[in-house]
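Colleague: I am new to reading protein models and would like to go through one with you, feature by feature. Could you give me the general idea each time and then the case at hand?

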Amino acid sequence: MTRQANAIDFWRGFALVSIFINHIPGVFYERLTHRNFSISDSAELFVFLAGWSLGLLVGSRTQPMTAPRLVARLGGRALTIYAAQILISSIALAILASSAYTFDNPLILEWHNAAAVFQDPALTHIGLVLLTHQLGYFDILPLYVVLMLAAPLIALIDKFARPLLVPLSLALYFASLTVPFTARTWPVPGQWFFNPFTWQVIFVLGFAMSRDEGLGAVVRRNIDLVRMISLPIVVITAVLVWFNWFPDPTKLPEPKLLFLNGKSFLTPMRLIQFLALAAVFSASYPYFAPWVPWLTEFLSSLGRNSLNVFCVASLLSLVGQVVRYLYTGSLLADTIVVVCGIGLLWLTAWVSEWRDRQRAAG
Amino acid sequence: MGVRMERSTKGSRLIVGRLCLGALGLAAVLIQGAWAQAPSAKPESTPEPSAVAPEASAVAKDCGEPKVAVTPLPNSALALQKHQKIKILAIGSSAAAVLGMMHDGNPPLLEQILERNIKGLDVEIINRGFSGELAEAASERLKLEVALNEPNLVLWQVGANDAFAQVPVESFERSVVGTVRWLKEHNVDVILVGLHYMKQLAKNEHYQAIRTSLQRITAAESVQRVTRYEAMEVLARTLRESGRPEPRDFGLTEDGYNCMAQYVARAITVGLFAKPAKHAPQPAPTR
């Protein structure tokens with residue numbers, strides 16, 4: 001039975017469409033996504049809602065899951081996401097290789113960190129399997145895999161020592177920012193684009209806020225106050241982003257990562273702005289859901305099938321880049337790419353749900 | 001291992017081409033090694049920035065002949081003078097295309113060449129290349145990385161993604177010029193690594209417009225540009241004229257990447273030993 005449209009699925013669908021558009025660099029419609037007036041972007045929303053979904057997956061405290069079942073269920077989910085990452089990376093490499101071949105342009109093989117795969121395949125394939133080599137724009141699922149591998153621990157801490165969960169997460173977050181440390185890439189030396197030690201905090205916060213007790217309960221009880229504090233943050237940061245009024249990063253005090261606007265480390269500026277944005281915009285759903293039901297249902301269907309839709313969106317973004325290259329990025333080409341892409345995302349969601357219905361019936 | 005663009009029906013030509021490439025690469029390594037080991041090629045341990053660039057910075061013949069303008073790298077030269085480590089921040093879409101191929105945890109080839117060729121030079125390469133990034137996004141991230149890592153020199157591979165993404169030339173130019181000026185204001189040297197030569201793209205208007213824009217920027221802002229397009233173009237022509245098969249994807253083979261590392265090494269070496277221009281501001285004593 002397909003679940004009803006709801007706010008979580010709706011915003012997840014919104015994040016997926018934004019990610020699809022933002023992952024086609026230079027496309028006209030990226031000027032319309034919320035990152036143009038927000039410090040944080042759809043990546044924060046996606047990971048926060050992944051944490052929220054974990055909370056729903058784990059179940060309520062009144063109907064607890066046994067620890068072994070919890071570990072098995074979450075481990076299985078991590079494995080599914082890992083398999084999805086390996087699959088889309090392989091397809092992405094095939095898209096790059098076939099485009100290079102078809103359009104007689106070997107430079108396409110250099111796109112998105114793919115050069116190492118073609119030049120040093122033995123080591124780089126090991127890196128792909130270990131997630132230490134990630135293609136550009138295919139780097140959020142590795143973070144998700146790590147977070148889902150940590151999910152049993154998160155759920156168990158929540159089960160047995162709930163008050164410790166958020167403080168522990170924040171401790172790791174600030175340690176990673178102040179030392180600083182992150183996950184390394186291999187065989188090409190570098191860093192993960194999404195530092196899992198800092199990005200875990202938004203996942204844990206999403207999880208904690210989905211719960212009926214603890215932080216989630218506190219936020220829900222005081223949501224009006226939270227929104228009153230959040231609104232000026234959202235407005236002021238929108239102005240800062242619009243006019244690019246950010247301080248010179250070299251002039252900031254140490255440890256700089258506490259004060260910078262850095263996506264890889266999910267710096268506090270981004271985290272606070274995202275939480276404020278989420279608090280403010282979460283108020284809007286009950287108002288416009290009845291007003292634009294078709295949009296609500298459309299985005300919710302994407303959100304309900306987020307992994308499948310995300311995988312297809314990532315690949316379609318890459319195809320979109322190739323198309324833009326071939327058709328010189330005209331507005332018409334951009335419109336066709338975005339409209340067809342979003343249509344295919346809807347088709348992906350529809351096929352996923354149709355398959356589920358068939359399974360349930362059979 | 002090179003990636004072949006030829007169709008399978010041209011398999012035999014491919015094999016010959018690959019053998020030629022292998023031979024070229026081997027020759028390049030041998031020639032480079034010989035240069036590196038020549039005692040006369042090594043500068044003294046306390047070089048003056050105004051000294052003549054050592055011969056060791058020459059590029060193996062089989063890599064073509066990139067034109068290297070004598071553009072000083074005053075901040076890096078100062079670090080070298082003070083026996084300090086030179087920190088090089090690599091930003092751009094393909095690490096291999098700037099630093100050379102990296103194997104088995106060895107330092108990047110660029111680091112090896114520089115340390116081997118300039119006595120007393122201690123180099124740390126910080127690779128922060130993320131693929132697919134356009135100049136505008138890269139310039140924002142570049143500023144953060146400069147704040148976090150305090151490099152002496154930034155190697156910025158820029159242009160190809162903007163060319164493929166059809167970014168308007170004016171917008172591209174604004175991003176690059178703004179960032180180059182910001183780096184200068186913050187006493188960080190910069191070398192721009194230009195676009196790749198590809199015969200198929202020689203008539204691509206936007207690709208060529210971005211390339212011309214980079215030329216304009218480097219001339220106007222007096223920054224070093226690694227002219228890999230021109231070097232590869234010359235190499236391709238030389239091979240063609242001498243009756244050898246023109247390697248269509250030479251620049252994207254391991255040999256090609258290693259040539260790139262040599263071009264960059266040469267640009268750095270020339271910059272380290274170049275006489276500072278009279279009108280150029282002196283680097284700040286400390287960073």
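**Reading contacts, helices and backbone**

Modeller: Let us begin with the contacts of one residue, leaving aside residues up to four places away in sequence: A:Ile81 touches A:Leu141, A:Tyr144, A:Val145, A:Met148 and A:Leu307. Please keep in mind throughout that this is a predicted model.

Colleague: Where does A:Ile81 lie, and does it count as buried or exposed?

Modeller: A:Ile81 lies in helix 3 of chain A, which covers residues 67-102. To judge burial we count C-beta atoms within 10 Å, and 20 or more make a residue buried; A:Ile81 has 23 such neighbours, and therefore counts as buried. Sequence distance and spatial distance should be read side by side: A:Ile81 and A:Asn305 are 224 residues apart in sequence, while their C-alpha atoms are 13 Å apart in space.

Colleague: How many C-beta neighbours inside 10 Å does A:Leu345 have, and which residues does A:Leu345 touch?

Modeller: A:Leu345, which is found in helix 15 of chain A, has 25 C-beta neighbours inside 10 Å and so counts as buried. Not counting residues up to four places away in sequence, A:Leu345 touches A:Leu16, A:Phe20, A:Leu302, A:Val309, A:Val312 and A:Ala313. For the two distances, take A:Leu345 and A:Ala83, which are 262 residues apart in sequence and 20 Å apart in space, C-alpha to C-alpha.

Colleague: At what angle do the axes of helix 13 and helix 15 of chain A cross, and which residues meet there?

Modeller: For a pair of helices, one reads the approach of the axes, the angle and the handedness. The axes of helix 13 (residues 293-304) and helix 15 (residues 331-361) of chain A come within 9 Å and cross at roughly 65°, and the crossing is left-handed. From helix 13 of chain A come A:Phe298, A:Ser301, A:Leu302 and A:Arg304, and these meet A:Leu345, A:Trp346, A:Ala349 and A:Glu353 of helix 15 of chain A. Sorted by class, this contact between helix 13 and helix 15 of chain A has five nonpolar, one polar and two charged residues.

Colleague: What span should the 17 residues of helix 7 of chain A have, and which of its residues are buried?

Modeller: At 1.5 Å a residue, the 17 residues of helix 7 of chain A (residues 162-178) should span 24 Å, and the end C-alpha atoms are 25 Å apart, which agrees. The buried residues of helix 7 of chain A are A:Leu165, A:Ser169, A:Tyr173, A:Ser176 and A:Leu177. Seen down the axis of helix 7 of chain A, these buried residues fall within an arc of 105°, so they line one face of the helix. What covers them includes helix 6 (140-160) and helix 8 (196-210) of chain A, whereas A:Pro163, A:Leu164, A:Pro167 and A:Ala171, on the other side of helix 7 of chain A, are exposed.

Colleague: Which backbone values deserve a second look?

Modeller: Most residues other than glycine have a negative phi, and most peptide bonds are trans. With that in mind, consider the peptide bond from A:Trp186 to A:Pro187, which is cis, with omega near 5°; A:Pro187 lies in the loop between strand 1 (184-185) and strand 2 (190-191) of chain A. A cis peptide bond also joins A:Glu254 and A:Pro255, with omega about -10°, and A:Pro255 is found in the loop between helix 10 (223-243) and helix 11 (268-281) of chain A.

Colleague: What is the phi of A:Asn244, and is A:Asn244 buried or exposed?

Modeller: A:Asn244 is a residue other than glycine, and its phi is near 55°, a positive value. A:Asn244 is placed in the loop between helix 10 and helix 11 of chain A, and is exposed, with 7 other C-beta atoms within 10 Å. In chain B, B:Asn187 has a positive phi of about 55° although it is not a glycine; B:Asn187 lies in the loop between helix 7 (169-185) and strand 4 (189-193) of chain B, and with 19 C-beta neighbours inside 10 Å it counts as partly exposed.

Colleague: How many helices and strands does chain B have?

Modeller: Chain B has ten helices and five strands, and 54% of its 287 residues count as buried.

Definitions and conventions
Residues numbered from 1 in each chain as written. Chains lettered and ligands numbered in written order. Predicted model: local features only at pLDDT ≥ 70, side-chain atom pairs only at ≥ 80, totals over all residues. Axes fitted to C-alpha atoms, helices over the stretch in contact; angles between N-to-C directions. Helix = DSSP H or I, 4+ residues; strand = E, 2+ residues; numbered from the N terminus. Left-handed = near helix turned anticlockwise from the far one by under 90°. Contact = placed C-beta atoms within 7 Å. Nonpolar A, V, L, I, M, F, W, Y, C, P; charged D, E, K, R; others polar. Expected span 1.5 Å × (residues − 1). Buried ≥ 20, exposed ≤ 12 C-beta atoms within 10 Å, placed from the backbone. Arc of directions from axis to C-beta.
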